[in-house]
Amino acid sequence: MPRRELTHRQQRFCAEYMIDCNATQAAIRAGYSPGTARNAGPRILRQPAIRAHIEGMMQQMRDDSIASAEEVLRTLTRMLRRELPDHVVVTLRTQASHYDERGKRVAEDTRDQRVLEVPTPLREVYRAAELLGKRYRLCADQADASGGVTLVFRDDYGEDDDATDDTGEGRDAADDTGDRHADDDGVGDRRDAALQCGI
C-alpha cells in the first residue's frame with residue numbers, strides 16, 4: 001500500500017516535533033490554535049503516517065551524526081597511510097638589534113605563534129595499524145589457549161612397597177635399610193599430585 005503524502009501542515013508538525021518532542025507545542029507552531037492544540041497534538045502524533053515520517057527523520061539524524069563502520073575503517077586507513085595531517089603550534093622567536101640616538105645598542109625580541117601542518121604522528125599510525133589488524137584478525141594468536149592444561153607431578157622415591165626381590169619374596173616393610181626411612185626426611189608417602197591450570 002503506497003504511503004500517503006503528508007500535507008504541508010503535517011510536515012511542519014513533524015519538523016516542529018523534532019525540536020522538543022512536545023506534541024502540543026509542535027501543533028501550535030505548526031499553525032493549530034492553542035485551544036485545540038492540546039488535543040490535536042497527541043492525536044496527530046498517533047497517526048501511522050506521521051509516526052513513520054518522524055521515525056524516518058530521527059533515523060536520518062542518527063545516520064548523519066554517528067559515524068558508520070565503513071567511515072571508521074576509511075579514517076583508520078587514511079591515518080595508516082599518513083593522509084590525515086596533524087597540526088602543531090610553534091613559536092617563532094626573532095631577535096633584532098639597533099642603536100638608539102645615544103649610540104647604545106638595543107636588542108628586541110619578538111615571538112610569533114604559528115600553526116604548522118605536519119604528517120600523521122607515527123604513534124597514531126601504529127595505533128591505526130593495530131586496530132585494523134584486530135578488525136581483520138591479522139593479529140590473532142596462532143595457538144588456541146582457550147582450553148585447560150593438566151600438569152601431573154609424580155613424586156616417586158625408591159621402589160613400590162610390594163616390589164619383590166630377586167628371590168621372589170616380598171620386601172620387609174620394616175627393613176631399616178630400605179627407603180622407607182625417607183619419611184623421616186619429610187618426603188612422606190609416595191603419591192600423585194595433579195595441578196589443574198586454566199589458561
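Predicted model: local features only at pLDDT ≥ 70, side-chain atom pairs only at ≥ 80, totals over all residues.
Residues are numbered from 1 along each chain as its sequence is written, and side-chain values use heavy atoms, with hydrogens and water left out.

Q: Which two rings form the aromatic pair found in a search of the whole structure, and is the pair stacked or edge-to-face?
A: The search turns up one pair, where pairing asks for ring centres within 6.5 Å. Planes under 30 degrees apart count as stacked, over 60 as edge-to-face and the rest as tilted. The centres here are 6.2 Å apart and the planes sit at 20 degrees, so phenylalanine 13 and tyrosine 17 are stacked.

Q: Is tyrosine 17 buried or exposed?
A: Buried means under 20% relative accessible area, exposed over 50%, and partly exposed in between (1.4 Å probe, protein chains only). Phenylalanine 13, about one helical turn away in helix H1 (residues 8-20), has a relative accessible area of 0%. For tyrosine 17 the value is 13%, so the call is buried.

Q: How are H1 and H4 oriented to each other?
A: Axes are lines fitted to C-alpha atoms, for helices over the stretch in contact, with angles from 0 to 180 degrees between N-to-C directions. The axes of H1 and helix H4 (residues 48-65) come within 10 Å and cross at roughly 45 degrees. Under 35 degrees is roughly parallel, over 145 roughly antiparallel, 65 to 115 roughly perpendicular and the rest oblique. That makes H1 and H4 oblique.

Q: Which residues of H4 meet H1?
A: Contact means heavy atoms within 4.5 Å. On the H1 side, the residues include Phe13 and Tyr17. Their partners in H4 are Ile50, His53, Ile54, Met57, Met58 and Met61.

Q: How are H5 and H6 oriented to each other?
A: The axes of helix H5 (residues 69-80) and helix H6 (residues 122-135) come within 8 Å. They cross at roughly 135 degrees. H5 and H6 are therefore oblique.

Key. Helix = DSSP H or I, 4+ residues; strand = E, 2+ residues; numbered from the N terminus. Phe/Tyr/Trp six-rings, centres within 6.5 Å; stacked < 30°, edge-to-face > 60°.
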